[in-house]
Amino acid sequence: MPSDPIPQWVIDARRDIGARVREARTAQKLTQEQVAELVGLDRKTINRIENGVYSTLVDHLLLLARALDVPTRDLVG
């Protein structure tokens, strides 16, 4: 079980991943709504991932990478 509260480095990593997702999305000239539709999530979830406030599933990262046409490793650093 993760420690409580979540360590700052984890929160920082979430924000970094979110920034990479946002960069890939904007490079494809897609809105959050368009990406959400492509991956089967709602826009709020995409927003939370991009802002690093949501602990996303690996499944979501895989779906996002495919929809954004980038290797998954590019999203996670």
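I worked on a predicted model, where local features need pLDDT of at least 70, side-chain atom pairs count only at pLDDT 80 or more, and totals for chains, interfaces and linings use all residues. Residues are numbered from 1 along each chain as its sequence is written, and side-chain values use heavy atoms, without hydrogens and water.

I placed Gly40 in the loop between α2 and α3 (43-50) (helices are DSSP runs of H or I, at least four residues, numbered from the N terminus). From Gly40 to His60 I noted 9.3 Å, C-alpha to C-alpha, across 20 residues of sequence.

I then turned to the helices on either side. The axes of α2 and α3 come within 8 Å and cross at roughly 110 degrees (axes are lines fitted to C-alpha atoms over the stretch in contact, with angles from 0 to 180 degrees between N-to-C directions). I therefore recorded α2 and α3 as roughly perpendicular (65 to 115 degrees). The contact (heavy atoms within 4.5 Å) includes Val35 and Val39 of α2 and Ile46 of α3.

Lastly, I checked phi angles. Lys29, in the loop between α1 (8-27) and α2 (32-39), has a positive phi of about 60 degrees although it is not a glycine. Asp69, in the loop between α4 (58-68) and α5 (72-76), has a positive phi near 60 degrees. Most residues other than glycine have a negative phi. I noted Lys29 as exposed at 72% relative accessibility, and Asp69 as exposed at 64%.

Definitions and conventions
Helix = DSSP H or I, 4+ residues; strand = E, 2+ residues; numbered from the N terminus. Buried < 20%, exposed > 50% of the residue type's maximum accessible area, 1.4 Å probe, protein only. Parallel < 35°, antiparallel > 145°, perpendicular 65-115°, else oblique.
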